Structure formats: C-alpha cells, structure tokens
Amino acid sequence: EILKDAVPKLARVGLLRPSVALDLPMKQLRAAALHLKLKLAEIETQADAKELESAFKTAKQKQVGAIITTATATFFAERKRIVELAIKYRLPAIYHQKEFVDEGGLMSYGTDNEDLYRKAAQYVDRILKGTKPADLPVQQAMKIEFVINLKAAKQIGHTIPYELLW
C-alpha cells in the first residue's frame, strides 16, 4: 500500500523472491496485490550478482513500475547490490529493513530492530535475575519504522508525493 502511495500510477510491481518461497507470505502478498488492483510479477532469483542482474532485466521486460523483495537472509546479505540495481534500472523499491536505505535504497517499512534488540536484552536481564523463561510473555514487534531516502528518489528521477513526507 505504501509503495502504491509512493508511486501513484503504479500498475505492475515486481516481486524479487527466491525459488523456494514460504507459502504464507506469498499468499498474503498476492492477496494484497489483488486488493490494491496491482499486477504482481513474481521474479524468481538467487542472490548472486549474475542472477540479480538478470532479475532486474526481467523486471524491466515485464514493465514493472516498482520492486519489492521478500525478507530473506540472502537478499539482506546482497542488499548493496540489489539497491545498486534498483538505481541502475531506475525502479522505485521498498524494502523490509532500513539497512537497505542505509545502502542507498529508496524506502523501507519494517520493524525497528534496535527496539527488538532492546527488548531481548530486557528478557536476558530478567532471566539472569531469576525469572523463568516460561513465565515471560511472548511479544511481537510493536515499533515499526518507515524510512524514505530523498537522495535515492532524485537518483532514479522519482518524486515522492508530499503526503508521504509528512
């Protein structure tokens, strides 16, 4: 939804995903695309330089207007290359972690990992003080962050709508 807000005329979005993708997230992504009246072009790729370059060429051939990636460790490890390719092919992209934006990516929307680490440290502290792990509540991430890189927007010739900046 945020990607569609950032790219108002978006009709087709490219989804970079590994060949072995988890069913539940894929089902949710497909349903969201349908709800937003977006065509989802699923592009299977491995996270190596040659495959990623090929994936972005495929995205351009499929005339996608923007890119998203699935949240995998291999894509995270190759975030610098993915960001470089998004800029090279002038494709707006949204990522699941701000580290992609730190590498020059356009925008990210996801959990605040620093907050998660802080909570983990609090759990460790409570356990070391004698609390049984089974007595600690299970918590979900409560802090989400949205980051936009205006320099990246300029590099790809994209204007972020004013409404997203405030």
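This is a predicted model: local features need pLDDT of at least 70, side-chain atom pairs count only at pLDDT 80 or more; totals for chains, interfaces and linings use all residues.
## Ground rules

Local features here need pLDDT of at least 70 and side-chain atom pairs count only at pLDDT 80 or more, while totals for chains, interfaces and linings use all residues. Residues are numbered from 1 along each chain as its sequence is written, and side-chain values use heavy atoms, with hydrogens and water left out.

Let's start with α3, which runs over residues 49-61. Helices (H or I, at least four residues) and strands (E, at least two) are DSSP runs, numbered from the N terminus. With 13 residues, α3 reaches 19 Å from its first C-alpha to its last, close to the 18 Å expected at 1.5 Å a residue; that expected span is 1.5 Å times one less than the number of residues.

Leu52, Glu53, Ala55, Phe56 and Ala59 of α3 are buried (under 20% relative accessible area; exposed is over 50% and partly exposed lies in between, with a 1.4 Å probe and protein chains only). They cover an arc of only 155 degrees around the axis, which puts them on the same side of α3; the arc is that of the directions from the helix axis to the C-beta atoms. An α-helix has 3.6 residues a turn, so residues three or four places apart point the same way. The face turned away from the buried side carries the exposed residues Lys50 and Gln61.

## Neighbours and ends of α3

The buried residues of α3 pack against β1 (12-17), β2 (39-44), β3 (66-69), α4 (73-77) and α5 (79-88), where contact means heavy atoms within 4.5 Å.

At the N-terminal end, Asp48 caps α3, with a side-chain oxygen 3.2 Å from the backbone nitrogen of Lys50. Just after the helix, Gln63 takes a positive phi of about 55 degrees.

## Aromatic pairs

Rings of Phe, Tyr and Trp (its six-membered ring) pair if their centres lie within 6.5 Å; planes under 30 degrees apart count as stacked, over 60 as edge-to-face and the rest as tilted. By this rule the count comes to 4 aromatic pairs. In one of them, the rings of Tyr95 and Phe100 have centres 4.6 Å apart and planes at 5 degrees, so the pair is stacked. Tyr95 is buried at 3% relative accessible area, and Phe100 is buried at 0%. Phe76, Tyr95 and Phe100 form one aromatic cluster.

Tyr109 and Phe146 have ring centres 6.4 Å apart and planes at 65 degrees, so this pair is edge-to-face. The pair links distant parts of the chain, with Tyr109 in strand β5 (residues 107-111) and Phe146 in strand β6 (residues 144-148), 37 residues apart.

Notes. A polar contact is a pair of N or O atoms within 3.5 Å; within protein, one must be able to donate a hydrogen and the other to accept it, and residues adjacent in sequence count only if both atoms are side-chain atoms.
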